[in-house]
Amino acid sequence: MSLNLEGKKFLVTGAGRGIGRGIAEKLYQLGATVHAVSKTQSNLDQLKTKCPNMKTYKVDLSNWEETRQIISAIECVDGLVNNAAILMDCSIMEAKLDDYDLIWKTNVSSVLNISQIVATKMIENGKCGSIVNISSNVVNAGAPTLSMYASSKAALDRLTSSMCLEWGKHNIRVNCVSPSITETDMIGDFKEQKEICAEFIARTPLGRLLVVEDVSGPVLFMLSDLSKMISGQQLIIDGGYNCS
C-alpha cells in the first residue's frame, strides 16, 4: 500500500521553514499540488527555488481579516496542515498580555479561521478531506517557561476534538500530531544548554531528539487514505519520552 497523494491538493501553513517546510516539500515530491503559507517572503522564495511549481502566499496569520481574504481565494483542497505557530520562552510571572494575545491569534485563532474556510469548501464540493493540526507534546509532558505556548497547544487539542465531532458527518477527518522537541529553528538555544539537552535525550528511550522527517512522515499518513478511519486522535511522536 502507498500514500497515493499524487494529484491531490494540500494547504500547509508555516511552510517557510522547519516542520511545515518539510511537510510541504514531501507533498510536492510525491506529486501533490501544494499551497504553502508563510509570513516571511524570503523563506517562501527559498521554497519556490527548490519547488518551482509550488504555490506560495505571504500571510500574517495573526491578522484574521488578511488571512481570510487570502485563504478564501485558494482552490478547494484535499487536505490542510495547520502547522504555523510561535513560541515565547518566559516564566509565568513574566508573561505579558500582548505576547499571549499574539500566541493565541497565531497558534489557535488562525487554525479556527483557516479551517472554517477550508472545511466549508470541502463540504460544498462533497470532498472527503483531512485536516492535521500540529500540536506539541509539551501539552502532555509540561515545560517550565513555556506556559503561553503550552496552553495554546492544549486549546488546539480540544479544538481538534470539536472539529472531528462537527465535521465527521461530512467525511472530514481531523487529527493532531504532537511532536516532542524537534531539531528546527524553533528550539533556539536548547541544544546549547548541554546538560538539559543531554538529560532530555537520556530520558528518551530511543535516545535522540526528533528531526523533521520523524514528523512529516506521520503527517503524510494522516493526510492519506491509509488513515481514512482515524479521526479525533492525538498522535504523539516523542521517542517514548512519555513512558519514561
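The lining of the second largest pocket is made up of seven nonpolar, five polar and five charged residues; here Ala, Val, Leu, Ile, Met, Phe, Trp, Tyr, Cys and Pro count as nonpolar, Asp, Glu, Lys and Arg as charged, and the others, Gly among them, as polar. The model is predicted, with local features needing pLDDT of at least 70 and side-chain atom pairs counting only at pLDDT 80 or more, while totals for chains, interfaces and linings use all residues. Residues are numbered from 1 along each chain as its sequence is written, and side-chain values use heavy atoms, with hydrogens and water left out.

The second largest pocket has a volume of about 330 Å³. Of its 17 lining residues, Cys128, Gly129, Asn171, Arg173 and Lys228 lie nearest the centre. At least two lining residues come from each of β5 and β6. A pocket is found on a 1 Å grid over the protein atoms alone, as an open set of points where a 1.4 Å probe fits, with protein on both sides within 12 Å along at least five of seven lines; lining residues have an atom within 4 Å of a point. Grid points are joined across faces, edges and corners, and the volume is the space filled by probe spheres set on the points. Helices (H or I, at least four residues) and strands (E, at least two) are DSSP runs, numbered from the N terminus.

We turn next to helix α6. With 21 residues (147-167), α6 reaches 30 Å from its first C-alpha to its last, close to the expected 30 Å, the expected span being 1.5 Å times one less than the number of residues. Its buried residues (buried means under 20% relative accessible area, exposed over 50%, partly exposed in between; 1.4 Å probe, protein chains only) include Met148, Tyr149, Ser152, Leu156 and Trp167. Among the elements that cover the buried residues of α6 are α4 (97-124), β5 (129-134) and β6 (172-179).

Ser152 lies in α6 and counts as buried because its relative accessibility is 0%. The side chain of Ser152 reaches the backbone oxygen of Tyr149 at 2.7 Å, a polar contact being a pair of N or O atoms within 3.5 Å; within protein, one must be able to donate a hydrogen and the other to accept it, and residues adjacent in sequence count only if both atoms are side-chain atoms. Beyond its neighbours within four places in sequence, Ser152 is in contact (heavy atoms within 4.5 Å) with Ile103, Trp104, Asn107 and Val108.

Helix α4 holds Asn113, which is buried because its relative accessibility is 1%. Its side chain makes a polar contact of 2.3 Å with that of Arg68 and reaches the backbone oxygen of Trp64 at 3.0 Å. Not counting residues up to four places away in sequence, Asn113 touches Trp64, Thr67 and Arg68.

Gln233 sits in the loop between α8 (212-223) and β7 and is partly exposed because its relative accessibility is 43%. Although Gln233 and Cys176 are 57 residues apart along the chain, their C-alpha atoms are separated by 6.3 Å.

Backbone angles bring up two further residues. Most residues other than glycine have a negative phi. Asn4, in the segment before β1 (9-13), has a positive phi of about 55°, and Thr145, in the loop between α5 and α6, has one of about 70°. Asn4 is exposed because its relative accessibility is 54%, whereas Thr145, at 35%, is partly exposed.
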